[in-house]
Amino acid sequence: MTRTLISAGMAALCLTAGWAGAASAQEKAQEKAKVFLSMSYIGNDWQAEAANMIKAMAASPAVAAKIDLQVQVAGPSAQKQIQQINAMVQAGAKAIVVFPISPTALNQVVKNACSKGVMVIAYDGEITEPCAHNVHIDQAEAGRVTAEWLAAKLGGKGTIVAITGVPGTSIDSGRTEAAKAVFAKHPGLKIVAEAPGMWSQAVARTELSKILATQGWDKIDGLWMQVGCFTANQMQLEAGIPADKLKPCAGEGSNGGRIQMLPKGTAVEGANGAYAPMGAPRISYASPPYSGAYALKLVLAKLDGKEVARDTILPLPVVTNETVKLCKTGSWQEMAEGCNAFQPSSVPNPGWFASIFSDKTPEVGLKAALNAEPEKGQ
């Protein structure tokens with residue numbers, strides 16, 4: 001009888017310990033901060049890549065231990081993004097990482113979120129509400145530097161086609177206004193056609209095709225394109241223009257464009273057609289796709305009680321024909337040593353953005369940008 005009682009008591013203790021263990025695990029899971037990613041326009045390679053890098057950062061051990069990331073997409077509707085952010089706050093968000101469709105349209109909902117203790121941090125695009133945090137390059141610098149390069153390349157005279165970005169965003173307006181201010185200083189330069197390219201190689205092709213129906217390549221001296229230099233070079237080759245006669249193009253940091261910048265004959269793996277070295281005259285810049293991943297890392301810092309600046313300006317990655325450097329494997333260490341273009345065999349999509357390196361984000365590299373996988377050991 002005594003043994004039976006002892007056995008029963010031990011079983012009860014084990015059961016209680018089991019419940020306690022389960023409760024403890026549950027409490028641990030509940031300790032994770034609920035963080036949302038709010039995306040707006042997603043119809044281009046940059047957005048998909050940036051989302052991959054954010055997800056990879058969320059999966060890295062240090063972040064995954066403390067943050068539960070949930071993703072929502074609003075599309076190009078400010079109203080829908082406002083509704084989603086309101087719902088995120090009501091769902092208990094501790095922080096919201098956001099690509100804002102407008103610098104001002106979200107101000108009221110962001111102010112409301114801040115008043116409830118929710119950190120709101122925008123990447124690439126900016127939010128003007130003072131309580132918001134922002135992580136981005138200097139967009140005006142991007143427009144100015146690329147326009148100055150093109151003006152110098154054309155000797156201060158000639159005709160330019162401008163393909164801009166997503167209208168209404170702070171990114172597009174900052175770049176475009178700064179570029180036009182540079183061109184205005186050169187009376188011999190004239191923008192003969194302009195269209196929104198939505199930061200998409202496909203849209204850039206469509207808009208450029210419309211322009212070419214009236215302009216013709218012989219009437220264009222240079223191109224200023226927020227995205228589309230790879231495609232513009234491809235279209236010129238299709239039109240029979242030889243590689244050594246390509247128009248100078250100031251534009252995005254697509255891997256296809258950077259491979260085209262390499263000297264003709266450079267050995268690369270998987271090159272074919274227009275996705276091959278041809279010495280194309282280029283300046284290549286980018287809003288780095290790691291900006292959202294870095295924003296998530298700043299969320300973790302804030303949750304840990306550290307001070308986070310309201311405005312974080314990232315270095316502007318600029319590559320020219322003189323500084324383009326092919327990565328052999330694309331390892332994080334190799335990028336740290338200065339390579340900035342990737343083998344087409346590793347990156348088959350020429351529209352994929354190559355400016356993925358930052359010494360502030362060792363958790364994310366090539367695998368993160370391609371497949372949302374964090375770096376091992378980080």
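How much space lies in the largest cavity? I shall return to that after a word about the model itself, which is predicted. The answer is about 100 Å³. A search of the whole structure finds 1 cavity of 30 Å³ or more.

Let us look at what surrounds this space. The lining of the largest cavity consists of 14 residues. Those nearest its centre are W46, R175, W199, S287 and F353.

I now turn to another part of the structure, strand β3, which covers residues 95–98. Please follow its side chains. A95 and V97 point one way from the strand, while I96 and V98 point the other way. Are these residues buried or exposed? All of them are buried.

Next, consider the neighbours of β3. Strand β1, residues 33–39, pairs with β3 in the parallel sense, over 4 bridges. Strand β4, residues 119–123, also runs parallel to β3, and 4 bridges join the two.

In β4, the partner of I96 is V120.

To close, I would ask you to find two places in the model: the cavity with W46 and R175 among the residues nearest its centre, and strand β3 with its buried residues.

Methods. Residues numbered from 1 in each chain as written. Predicted model: local features only at pLDDT ≥ 70, side-chain atom pairs only at ≥ 80, totals over all residues. Heavy atoms only, no water. Buried < 20%, exposed > 50% of the residue type's maximum accessible area, 1.4 Å probe, protein only. Pairing = 2+ DSSP bridges. 1 Å grid on protein atoms, 1.4 Å probe; cavity = no way out; pocket = protein on both sides within 12 Å on 5 of 7 lines; lining within 4 Å. Points joined across faces, edges and corners; volume = space filled by probe spheres on them.
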